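Subject: Structure for handover

Hello,

Please find the structure below. My notes on it follow.

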Amino acid sequence: MSSIDTLFEANAEVLSELVGFLEQIREEDYREISQLFGDASIGQHCRHIIEFYECLASQYDAGVICYDLRNRDERLQCDPGFALEKVQGLQEALRLPDKTLLLVQQYNGMSHSSQTTFSRELLYN
């Protein structure tokens with residue numbers, strides 16, 4: 001198995017675990033703000049995870065990844081069923097060939113960039 005295949009499998013496993021979690025959690029627990037989660041909810045953390053994966057998949061073709069441009073869709077943090085649908089769609093959407101990408105970060109009105117690869121982004125997402 002190639003290293004990119006290993007990364008696909010590792011990410012698929014993480015997403016499968018998230019699917020199982022989303023299938024079981026009650027909506028009120030998903031939305032509840034907790035100090036254990038840095039005054040955030042489980043749903044907010046799930047939204048963050050899902051949107052980083054969505055950025056990687058949707059911006060792949062352009063070759064420029066900017067996680068700052070994620071949608072921040074509040075439905076993902078409030079509705080575990082909606083989040084579940086998104087995660088299920090991502091499981092296959094991430095099976096893409098490795099390639100060089102430009103990673104862009106926007107900070108204080110400035111844009112910073114560095115070269116990365118799809119496999120590196122899978123590794124750290």
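In which strand does S41 lie? S41 is part of strand β2, residues 40-41. Helices (H or I, at least four residues) and strands (E, at least two) are DSSP runs, numbered from the N terminus.

Before going further, some ground rules. This is a predicted model, in which local features need pLDDT of at least 70 and side-chain atom pairs count only at pLDDT 80 or more, while totals for chains, interfaces and linings use all residues. Residues are numbered from 1 along each chain as its sequence is written, and side-chain values use heavy atoms, with hydrogens and water left out.

S41 has a relative accessible area of 2%, so it counts as buried. Here buried means under 20% relative accessible area, exposed means over 50%, and partly exposed is in between (1.4 Å probe, protein chains only). Neighbours within four places in sequence aside, S41 is in contact (heavy atoms within 4.5 Å) with Y30, R31, E32, I33 and Q77.

S34 belongs to strand β1, residues 33-34. S34 is buried too, at 16% relative accessible area. Its side chain reaches the backbone nitrogen of L36 at 3.0 Å. Leaving out neighbours within four places in sequence, S34 is in contact with D39 and A40.

Helix α1 and the core

Helix α1 covers residues 3-24. The expected span of a helix is 1.5 Å times one less than its number of residues. For the 22 residues of α1 that gives 32 Å, and the end C-alpha atoms are 32 Å apart, so the two agree. The buried residues of α1 are I4, L7, F8, N11, L15, L18, V19, G20 and L22. What covers them includes α2 (27-31), α3, α5 and α6.

The largest nonpolar core has 31 residues, and L22, L56, F118 and L122 touch the most other members. A nonpolar core is a set of buried Ala, Val, Leu, Ile, Met, Phe, Trp, Tyr and Cys residues joined through side-chain atoms within 4.5 Å. The elements that give two or more residues to this core are α1, α3 (42-59), α5 (80-93), β4 (100-107) and α6 (118-124). Apart from neighbours within four places in sequence, L56 is in contact with I65, Y67, L94, L101, F118, E121, L122 and N125.

A93 is found in helix α5. Its relative accessibility is 33%, so A93 counts as partly exposed. The C-alpha atoms of A93 and A57 are separated by 6.3 Å, although these residues are 36 residues apart along the chain.

Salt bridges

Side chains of opposite charge can pair when their charged atoms come close. A salt bridge is taken as a side-chain nitrogen of Lys or Arg within 4 Å of a carboxyl oxygen of Asp or Glu. By this rule there are nine salt bridges.

One of them joins E54 and K86, with the closest N and O atoms 3.6 Å apart. E54 lies in helix α3 and K86 in helix α5, so this pair ties together parts that are 32 residues apart in sequence. E54 is buried at 17% relative accessibility, while K86 is partly exposed at 31%.

Another is formed by E28 and R26, where the closest N and O atoms are 3.2 Å apart. E28 is partly exposed, with a relative accessible area of 49%, and R26 is partly exposed at 47%.

D73 and R75 also form a salt bridge, the closest N and O atoms being 2.8 Å apart. D73 is buried at 18% relative accessible area, whereas R75 is partly exposed at 48%. Salt bridges that share partners join E9, E92 and R95 into one network.

Cysteines

How many disulfides does the structure hold? The structure holds zero disulfides, a disulfide being a pair of cysteine sulfur atoms within 2.5 Å. For C55, the nearest cysteine sulfur is that of C66, 7.5 Å away. C55 is buried, with 4% relative accessibility. The sulfur of C78 is 12 Å from the closest cysteine sulfur, in C46, which is too far for a bond. C78 is partly exposed, at 27% relative accessible area.

Regards

Methods. A polar contact is a pair of N or O atoms within 3.5 Å; within protein, one must be able to donate a hydrogen and the other to accept it, and residues adjacent in sequence count only if both atoms are side-chain atoms.
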